[in-house]
Amino acid sequence: MAAGLRVVLLGPPGAGKGTQAKFLQEHYGACQISTGDILRKAVAEQTPLGKEASGYINQGALVPDDLIVNLVAERLKENDCAPGFILDGFPRTIPQAQSLDEILKKMGMVLNGVLAVQVPQKVIVERLAGRRTCKGCGALYHLAFDPPKAVAVCDRCGGELVQRDDDREETIVARLKVYDTQTAPLVDYYRERNLLRSVDGVGTVDDIRNRIIQALGDVK
Ligand code: AMP
């Protein structure tokens, strides 16, 4: 049974889950599992999964549960997840959460925390519109809040910085609607299981990072 951090990061698109998950990965030595990153890679490589997923992603809709659940089950078995894991963008529906419980049960594990990162909708739209990702290494930037040193060039690897296709304004609105109807019910699901820890997601990256560490205080 894996010791360490076994957490879900829950929150609307633009809540800062990816940024914080990357930090938690380094801080706790756990693996980061971002279903969005895995799907985008599959789309870029035009794998069968990528071909099936791309239409849903471009519309801001969720990819069907069965595609996602298998992918996470396989990823959790990899060695780098043995010290713990941070799930970023999964689960996103109640059936996904139930499947996760089953997957972990088979592995002899349970979650030890769910961090709900809370950000008002107005702040989210502002954040998503300015978000840029490195095509090379996946590093995240924000044009206003965390800009790269040179325009459109990654500080870390020199790669090109691009805007995600689904960060266009019309898709953002669709994604937020999907979050409210399909993902937000997970807050109650995890609250009922005494796993929920709420974190205020407004502030600097460092502020939010500190709040998360505090919220995770007794975990691990
Ligand atoms: P993200 O990078 O987490 O915002 O995910 C980008 C897109 O990938 C979402 O808008 C969905 O289309 C798809 N996606 C990512 N994770 C999931 C998931 N757990 N369930 C269904 N679709 C997902």
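Let me start with the ligand. Its shell holds seven nonpolar, four polar and five charged residues. The classes are as follows: Ala, Val, Leu, Ile, Met, Phe, Trp, Tyr, Cys and Pro are nonpolar, Asp, Glu, Lys and Arg are charged, and the others, Gly among them, are polar.

A word on the source. This is a predicted model, where local features need pLDDT of at least 70, side-chain atom pairs count only at pLDDT 80 or more, and totals for chains, interfaces and linings use all residues. Numbering runs from 1 along each chain as its sequence is written, and side-chain values use heavy atoms, with hydrogens and water left out.

Back to the shell. How many residues surround the ligand? There are 16, and the closest are Thr 35, Arg 40, Ala 61, Gly 89 and Gln 96. Helix 2, residues 35-44, gives the largest share of the shell, with four residues. Helices here are DSSP runs of H or I with at least four residues, strands are runs of E with at least two, and both are numbered from the N terminus.

Now the polar contacts, meaning pairs of N or O atoms within 3.5 Å; within protein, one must be able to donate a hydrogen and the other to accept it, and residues adjacent in sequence count only if both atoms are side-chain atoms. The side chain of Arg 40 places an N or O atom 2.9 Å from a ligand oxygen. Arg 92 has a polar side-chain atom 3.0 Å from a ligand nitrogen. For Gln 96, a side-chain N or O atom is 2.9 Å from a nitrogen of the ligand. Taken alone, the ligand exposes 480 Å², and the protein buries 96% of that. Areas come from the Shrake-Rupley method with a 1.4 Å probe; for residues, only the protein chains shown count as cover.

Next, strand 5, residues 131-134. Which way do its side chains point? Arg 131 and Thr 133 point one way, Arg 132 and Cys 134 the other, and all are buried. Buried means under 20% relative accessible area, exposed over 50%, and partly exposed in between, with a 1.4 Å probe and protein chains only. In a regular strand, side chains alternate between the two faces of the sheet.

Strand 5 has two partners to mention. It runs antiparallel to strand 6, residues 140-142, with three bridges. Strands pair if DSSP finds at least two bridges between them. Arg 131 stands opposite His 142 in strand 6. The hairpin of strand 5 and strand 6 has five residues between the strands, and Gly 138 takes a positive phi near 85 degrees there. Strand 7, residues 161-162, pairs with strand 5 in the antiparallel sense over two bridges. There, Val 162 is the bridge partner of Thr 133.

On to the backbone. Phe 90 and Pro 91 are joined by a cis peptide bond, omega about -5 degrees. Pro 91 sits in the loop between strand 3 (85-88) and helix 5 (94-106). Gln 46, not a glycine, has a positive phi near 55 degrees. Gln 46 lies in the loop between helix 2 and helix 3 (48-59), and is exposed at 54% relative accessible area.

Last, aromatics. The whole structure has one aromatic pair. Tyr 189 and Tyr 190 form this pair, edge-to-face, 5.1 Å centre to centre and 90 degrees between the planes. Rings of Phe, Tyr and Trp (its six-membered ring) pair if their centres lie within 6.5 Å; planes under 30 degrees apart are stacked, over 60 edge-to-face, the rest tilted. Both tyrosines, Tyr 189 and Tyr 190, are buried.

Key
A residue is near a molecule or strand if one of its heavy atoms lies within 4 Å of it.
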